[in-house]
Amino acid sequence: MLIAGKWIGNLHVPCQMCAKVLACRDVSILVRHAKTHHPKKQFSCRECDYTNSERRNMRQHIFSVHGLGGDQFSDDRTSELEDAWARVGGVCFPEMSERISEAVLAYRPKLYKGKPIAENVEDDDDFDDCDIDALSNSP
């Protein structure tokens, strides 16, 4: 059952893009998986060109590759990136697309990088070039 756009019960949901079956109780697990399919990643290393969609993987990279601790990376989260996650989530899990969109909106922070969302909007060629239909046909 869906409560506040998040909890969905104990389901095994197959991704339509990669066929991975996720055992999930929470829509955020589906969103986290969908983020891995989008070419633009949320986190980027300040020391090299490495990017990743998960903070924990970025911290591990910073420590193991560069021998650094802390948050030596950028968080490039924007409302456009969140919208893209919702779109990719709809391709990955079509039967859950509405719930994924609701979950993304429910957890959207009011500020990005100290500025209101409307002031932080930039044109981003990665979003224009990202063909959601092509992603669903990729191996």
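Modeller: I begin with the part that the UniProt record annotates, then move to its neighbours and to the whole chain.

First, the ground rules. The model is predicted, so local features need pLDDT of at least 70 and side-chain atom pairs count only at pLDDT 80 or more, while totals for chains, interfaces and linings use all residues. Residues are numbered from 1 along each chain as its sequence is written, and side-chain values use heavy atoms, leaving out hydrogens and water.

Now the record. In an unreviewed entry, UniProt lists residues 13-37 and 43-66 under "domain: C2H2-type". Its positions are given in the numbering used here, with feature names shortened, and annotations may be inferred rather than shown by experiment. In residues 13-37, 44% is helix and 32% is strand, and the end C-alpha atoms are 16 Å apart. Residues 43-66 also have end C-alpha atoms 16 Å apart, with 50% helix and 21% strand. Here helices (H or I, at least four residues) and strands (E, at least two) are DSSP runs, numbered from the N terminus.

Look at the second stretch. Strand S3 covers residues 43-45 and is joined to S4 by two bridges, running antiparallel. Ser44 sits opposite Thr51 of S4. Two strands count as paired if DSSP finds at least two bridges between them. Strands of a sheet pair through backbone hydrogen bonds, either parallel or antiparallel. These strands belong to an open sheet of three, in the order S4-S3-S5, paired antiparallel. Strand S4 (51-52) and S5 are the edges, each with a single partner strand, so one side of each has no neighbour in the sheet.

Next come the charged pairs. A salt bridge is a side-chain nitrogen of Lys or Arg within 4 Å of a carboxyl oxygen of Asp or Glu. The whole structure holds three. One joins Arg55 and Asp75, 3.5 Å from N to O. Arg55 is in helix H2 (residues 55-66) and Asp75 is in strand S5 (residues 73-75), so this pair ties together parts 20 residues apart in sequence. Both are partly exposed: Arg55 at 32% relative accessibility, Asp75 at 29%. The cut-offs are simple: buried is under 20% relative accessible area, exposed is over 50%, and partly exposed lies in between (1.4 Å probe, protein chains only).

Another salt bridge links Glu54 and Arg56, at 2.7 Å. Glu54 is buried at 15%, whereas Arg56 is exposed at 57%. Glu82 and Arg77 form a salt bridge too, at 2.5 Å. Glu82 is buried at 0%, and Arg77 is partly exposed at 23%.

What about the cysteines? A disulfide is a covalent bond between the sulfur atoms of two cysteines. The test used is a pair of cysteine sulfur atoms within 2.5 Å. By that test there are zero disulfides. Cys15 is in none; its nearest cysteine sulfur belongs to Cys92, 3.7 Å away. Cys15 is buried, at 2%. Cys45 is in no disulfide either; the nearest cysteine sulfur is that of Cys48, 3.7 Å away. Cys45 is buried as well, at 7%.

Back to the first stretch. Ala19 lies in the loop between strand S1 (7-14) and strand S2 (21-26). It is exposed at 58%. Its phi is near 70°, a positive value in a residue other than glycine. Ala34 lies in helix H1 (residues 27-37) and is buried at 0%. Leaving aside residues up to four places away in sequence, Ala34 touches Trp85, Val88, Gly89 and Cys92. A contact means heavy atoms within 4.5 Å.

Last, the whole chain. The protein has six helices and seven strands. From the N terminus they run β-β-α-β-β-α-β-α-α-β-β-α-α. There are 139 residues, and 39% of them count as buried. Of contacts between residues at least 6 apart in sequence, 51% join residues at least 24 apart. The accessible surface is about 8,200 Å², and 49% of it belongs to carbon and sulfur atoms. Such areas come from the Shrake-Rupley method with a 1.4 Å probe; for residues, only the protein chains shown count as cover.
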